[in-house]
Amino acid sequence: MQYSRILLKLSGESLAGNGNQGISDSVLEEYAKQILEVVEKGCEVAIVVGGGNIFRGLSGTKSGFDRLKGDQMGMLATVINSLAIESAINRLGAKAKVFTSIRMEPVGELYNRDKVVEAMKNNTVCILSGGTGNPFFTTDTAAALRAVEIGADVLLKGTRVDGVYTADPEKDPNAVKYDTLTFDEAYEKGLNIMDLTAFTLCKENAMPLIVFDMNKSGNLLKVVMGEKIGTLVQV
Ligand code: UDP
């Protein structure tokens, strides 16, 4: 196994499957299965999931929402998605636990780095919900922050594309995939991998990032075992 402790970032939109909103049962089940595959190998897993399938603060401002309230709605959306992932993992017979960045027992326990690490060592998948707990941030930033805090070996960004391309492969047929990149190269080329706050956190803390297609069965295990799929971004 190449990575024994991972922080997996899933976007809210990916949970929606073919639609852009809501939660798809089949995607949930597929993700839970993949997560279990790596847990069974002894990999410690923490997850940060977005909330874009339910609400995004910034889009809310367009229809007149106050940004702070909209962001709070977005953070609560990530809690809903996290509970869905927790249930899906539990249904398959494995242990999972939701932590929240904002106090809201009994929905989940308040995030505490030491408790998360302890639970992960005990084969419990820890789902770190509520983003950073602060408005004006994203769940990519929460993922980068938590990855650094818990001492993850790598931040894995599961997407529906199989890596970072020279252009958007869903729009440009000539787009070429990068196998590896440095953070500086990605920045200079203006590649939109994560927002800059998240990107800088990873770079400054030498946290490697792998962008890969989580919608293909078995891919998470491949990445954890060190197979070169997706795009690796490092210092
Ligand atoms: N959010 C926030 N602070 C955070 C993380 C998220 O305010 O630390 C809010 C923000 O409004 C964001 C929404 O939660 O739009 C959902 O998160 P994100 O857009 O990152 O979800 P994704 O795009 O990954 O589904």
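Predicted model: local features only at pLDDT ≥ 70, side-chain atom pairs only at ≥ 80, totals over all residues.
Local features need pLDDT of at least 70 and side-chain atom pairs pLDDT 80 or more, while totals for chains, interfaces and linings use all residues. Residues are numbered from 1 along each chain, and side-chain values use heavy atoms, without hydrogens or water.

**Helix 5.** Helices (H or I, at least four residues) and strands (E, at least two) are DSSP runs, numbered from the N terminus. Helix 5 spans residues 113-121, with Val-116, Val-117, Ala-119 and Met-120 buried (under 20% relative accessible area; exposed is over 50%, partly exposed in between; 1.4 Å probe, protein chains only). They sit on the same side of helix 5, because their arc around the axis is only 165° (directions from the axis to the C-beta atoms). Glu-118 and Lys-121 are exposed on the face turned away. Cover for the buried residues includes strands 1, 2, 3 and 5. Just after the helix, Asn-123 has a positive phi of about 65°.

**Thr-231.** Thr-231 lies in strand 11 (residues 231-234). It contacts residues including Asp-162, Tyr-178 and Leu-209 (heavy atoms within 4.5 Å).

**Polar atom pairs.** The cut-off for N or O pairs is 3.5 Å, with one atom able to donate a hydrogen and the other to accept it.

| Side chain | Backbone nitrogen | Distance |
|---|---|---|
| Asn-112 (oxygen) | Asp-114 | within 3.0 Å |
| Thr-231 (polar atom) | Val-164 | 2.8 Å |

Thr-231 is buried, at 0% relative accessible area. Ile-80, in helix 4 (residues 67-91), is partly exposed at 45%.

Terms used:
Lists of a residue's contacts leave out its neighbours within four places in sequence.
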